[in-house]
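Please keep the sequence and the coordinates in view while reading.

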Amino acid sequence: MSIYFDNAATSHPKPKAVLDAVARAMTEFNANPGRSGHPAALAAARTVLETREKLARLLNAPDPMRVIHCFNCTDALNLAVKGSLHAGDHVVATALEHNSVLRVLGTLAARGRIAFTLVRPRTDGFVDPEDIRAALTVKTALIVCTHASNVTGAIQPVAAIGQLARELGIRYLIDGAQALGGLPVDVRALGCDLYAFPGHKSLLGPQGTGGLYIGEGIGLFTQREGGTGSSSDSLLQPAELPERYESGTVNLPGIAGLGAGCDHAQKNLSQIMMRERELCQALFEGLSAIEGVEVYSPAREAGRASLVSFNAFDLSSAQAADALAQRGFAVRGGLHCAPEAHRFLGTLRRGVVRASLGHANTFEEVERFLAAVRSLK
Ligand SMILES: Cc1ncc(COP(=O)(O)O)c(C=O)c1O
């Protein structure tokens, strides 16, 4: 496989413990968790619970039962946004959001159910919480902000926005797709009601995993109804969490792997963060020093998640990404499913090349990548 700089899409490689946990779940206790009472089903249910507890610890969530297993971050965001809104509501989100927020809002608005306002970042790439305040109306029922932009990596002032949301009593959702497992996350300190995250990015779990933290006292309309293995005589969803939002068979192998990924993150987070930040700084400085390369990520090291976006010479981002693939590097060109972020950057037509680093990358790989970018001229 090529040198992998596409960790913001999904992380690679996964630690061996993750692969082993998936294999164990599929061989030693391959049963339906929360349904039957035989030993394999109980072992499966225990695994699902243990991963939930590990996720709660990473999030500093007080109650693991309020961490819902989802199938990816998009699934979690759909539940959080659609589950929160009533007809006539207004939503304030940022222009940096991913389509997994924008298209949910766009679809609801196209059906005439809600209205929304997108707040653009300031020229430095960071949203000003005061601009969020200015966009609120009496009908605003939800504020949505990405923890870190998946296009530029810019870490947004999510705690300051949380303070504002608390002050005004408005429900607050953070999209943690580019944060949990790579940045410290504390849902209590952030003041959020909902925190959506994937399991397959910085948490190093398998694809098909993710989750939603639901704050105490926050109710959501269910988006999926069905079997939960509990209160089966009722035609309505059970009121209890997590099963209220976890209808149908969960992704047991994925969740088992995610548990091992959480162990890895819990044990190594500060080390991973420090190393990725150093690697990212080397990448940022190296790319910025190449004449003809334009870098879009923030210069402040502490202000960005571990990715750098750029364009090179007169190439489109797709041409540059393809040329880098031929030289043995996996990066992503295009719009990264975040069109409004590109409108803000002025790259809606050209896109950008995103090089996103992970726990296994090295300084040598960064040096080789810089040489490959230079060779595109
Ligand atoms: C900021 C952001 N939000 C949401 C998502 C969607 O995540 P998933 O692919 O897990 O659905 C992504 C994926 O790249 C993302 O970067």
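The ligand is surrounded by 15 residues, the closest of which are Thr74, Asp175, Gln178, His200 and Lys201; a residue is near a molecule or strand if one of its heavy atoms lies within 4 Å of it. The model is a predicted one, in which local features need pLDDT of at least 70 and side-chain atom pairs count only at pLDDT 80 or more, while totals for chains, interfaces and linings use all residues. Residues are numbered from 1 along each chain as its sequence is written, and side-chain values use heavy atoms, with hydrogens and water left out.

Thr74 places a polar side-chain atom 2.5 Å from an oxygen atom of the ligand. Asp175 has a polar side-chain atom 2.6 Å from a nitrogen atom of the ligand, and an N or O atom in the side chain of Gln178 is 2.8 Å from a ligand oxygen atom. Of the 390 Å² of accessible area that the ligand has on its own, the protein covers 90%; such areas come from the Shrake-Rupley method with a 1.4 Å probe, and for residues only the protein chains shown count as cover.

By class, the shell comprises five nonpolar, eight polar and two charged residues, where Ala, Val, Leu, Ile, Met, Phe, Trp, Tyr, Cys and Pro count as nonpolar, Asp, Glu, Lys and Arg as charged, and the others, Gly among them, as polar. Helix H3 supplies the largest share of this shell, three residues. Helices (H or I, at least four residues) and strands (E, at least two) are DSSP runs, numbered from the N terminus.

H3 (residues 73-82) lies across E2, strand E5 (140-146), E6, E7 and strand E8 (210-214), and runs at about 160° to E7. Contact here means heavy atoms within 4.5 Å; axes are lines fitted to C-alpha atoms, for helices over the stretch in contact, and angles run from 0 to 180 degrees between N-to-C directions.

These strands belong to an open sheet of seven strands, ordered E2-E8-E7-E6-E5-E3-E4, with mixed pairing; two strands pair if DSSP finds at least two bridges between them. Strand E2 (67-70) and strand E4 (115-119) are at the edges with a single partner strand each, so one side of each is left without a neighbour in the sheet. From one strand to the next, the twist averages 20°. Within the sheet, E6 (residues 171-175) and E7 (residues 194-198) pair in the parallel sense over three bridges, and Asp175 stands opposite Ala196 in E7.

A second open sheet has three strands in the order E9-E10-E12, with antiparallel pairing. Its edges are strand E9 (293-295) and strand E12 (353-356), each with a single partner strand, so one side of each is left without a neighbour in the sheet. The twist averages 35° from one strand to the next. E9 and strand E10 (residues 307-312) are joined by three bridges in the antiparallel sense, and Val293 has Ala312 in E10 as its bridge partner. Helix H9 (residues 317-326) packs on this sheet, touching E10 and E12, and makes an angle of about 45° with E12.

Finally, a cis peptide bond joins His12 and Pro13, with omega about -5°.

Key. A polar contact is a pair of N or O atoms within 3.5 Å; within protein, one must be able to donate a hydrogen and the other to accept it, and residues adjacent in sequence count only if both atoms are side-chain atoms.
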